[in-house]
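Please take a moment to look over the chain as a whole before turning to single residues. The paragraphs below are meant to be read with the model in view.

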Amino acid sequence: MSLTKFVSYATQSFAMPDICLRIRDILDDPRSDANDIGQMISIDPSLTAKVLRLANSALFRFPSQIESIAKAVSVIGGEALYNLVVAETANSAFKHFDTELIKLDKHWYQSVYCGMTAKYLAKHARIRGSERFFVMGILQNFGELVAAKCAPEKYIAYLDDPHPGLPEEKQRRHFGFTFNECSGTIMESWKLPLPLFYPVKNMHLPEKMRAEADIALLACARRITLRENQKEQYGNIELFPPEIANSVKVEGETLGNAVMFANKEANKVAGLIQ
């Protein structure tokens, strides 16, 4: 089965909620303003509550409480608010592709962990729009759920592969593509913005890592996630291979703080979105 068929299966099974598309349209419309976004989110009480919980979480660390969507818009900004809505939607997508082959809670936690780590590193590397890295980190391995649901026998063979190596090497061997490439292509089909899907789609291409900091940083966050959460298999993984080190300059103290931050806060934030 080709990557195109996996993506088609995913996008036909789960459509991005209309509110994500409508907020995106508002952000892309020069005649609209932040208040339009706030009004749209406020229509949905459940979404409003979840977005406010995230806005007041360790993701942003604002000194005062954000009590309304209007204040969230003014303090966080429209793009950050859009990313929080997409993150909340991601949880629904994960649940839609639940399979007995994957422990969903563990998979969700590690996805949020990657998002927290990526956002922390992006903020300290002063990369513009650091909050989008939270969404990219969450969705970068969504393709694994799709692959397991769509092709369980092939996925079991991938899990049982005794050869050493990184997950993406085994994924290419068994599927012909990586789960991250699948994730990014699904995100593109969902019409998410280029700065969200492009780094996910290309995060295992060495030439892209060398040339683009967004991709290298996301790849680094994923390696940290593997090292910290799958120590038995990947405890010795190299966090800064040459292709990543060429684009991302992170001091050892920042790296350690990112791990401490994710270890402390990822479980709380994962629970806020569910």
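This is a predicted model: local features need pLDDT of at least 70, side-chain atom pairs count only at pLDDT 80 or more; totals for chains, interfaces and linings use all residues.

Residues are numbered from 1 along each chain as its sequence is written, and side-chain values use heavy atoms, with hydrogens and water left out.

The protein chain holds 18 helices and 0 strands, where helices (H or I, at least four residues) and strands (E, at least two) are DSSP runs numbered from the N terminus. Along the principal axes, its C-alpha atoms fill a box of roughly 55 × 45 × 30 Å. For 274 residues, a compact globule would have a radius of gyration near 19 Å, and the 18 Å of the protein chain agrees with that; the radius is taken over C-alpha atoms, and the globule rule is 2.2 Å times the number of residues to the power 0.38.

How much of the chain is buried? Buried residues make up 55% of the 274 residues, with buried meaning under 20% relative accessible area, exposed over 50%, and partly exposed in between (1.4 Å probe, protein chains only). The protein chain exposes about 12,600 Å², of which carbon and sulfur atoms supply 49%; these areas come from the Shrake-Rupley method with a 1.4 Å probe, and for residues only the protein chains shown count as cover. Among contacts (heavy atoms within 4.5 Å) between residues at least 6 apart in sequence, 66% join residues at least 24 apart.

One pair of helices can be followed in detail. Two packed helices are described by the angle between their axes and the distance between the axes. The axes of helix α9 (residues 142–150) and helix α12 (residues 179–189) come within 7 Å and cross at roughly 100 degrees, which makes α9 roughly perpendicular to α12. Axes here are lines fitted to C-alpha atoms, for helices over the stretch in contact, and angles run from 0 to 180 degrees between N-to-C directions; angles under 35 degrees count as roughly parallel, over 145 as roughly antiparallel, 65 to 115 as roughly perpendicular, and the rest as oblique. On the α9 side, Phe142, Gly143, Glu144, Val146 and Ala147 take part, and they meet Phe179, Cys182, Ser183 and Ile186 in α12. By class, this contact has 6 nonpolar, 2 polar and 1 charged residues, where Ala, Val, Leu, Ile, Met, Phe, Trp, Tyr, Cys and Pro count as nonpolar, Asp, Glu, Lys and Arg as charged, and the others, Gly among them, as polar.

Helix α9 also contains Leu145, which counts as buried because its relative accessibility is 0%. Leaving aside neighbours within four places in sequence, Leu145 is in contact with Phe94, Phe97, Ile102, Leu104 and His107. The C-alpha atoms of Leu145 and His107 are 8.8 Å apart, although 38 residues separate the two in sequence. Thr178, in the loop between α11 (167–175) and α12, is buried as well, with a relative accessible area of 3%. Beyond its neighbours within four places in sequence, Thr178 is in contact with Glu168, Gln171, Arg172 and His204, and its C-alpha atom is separated by 9.2 Å from that of Asn141, 37 residues away along the chain.

Elsewhere in the chain, Ile41 is found in helix α3 (residues 34–42) and counts as buried at 0% relative accessibility. With neighbours within four places set aside, Ile41 is in contact with Ile19, Ile23, Leu47, Thr48, Ile69, Leu81 and Val85. Leu47 is also a contact of Glu88, together with Lys50 and Ile273, when sequence neighbours within four places are again left out. Glu88 lies in helix α6 (residues 78–96) and, at 13% relative accessibility, counts as buried.

Which residues other than glycine have a positive phi? Arg61 has a phi near 55 degrees, and Arg126 has one near 60 degrees. Arg61 is placed in the loop between α4 (45–55) and α5 (69–76) and counts as exposed at 53% relative accessibility, while Arg126, in the loop between α7 (104–124) and α8 (132–139), is exposed with a relative accessible area of 78%.
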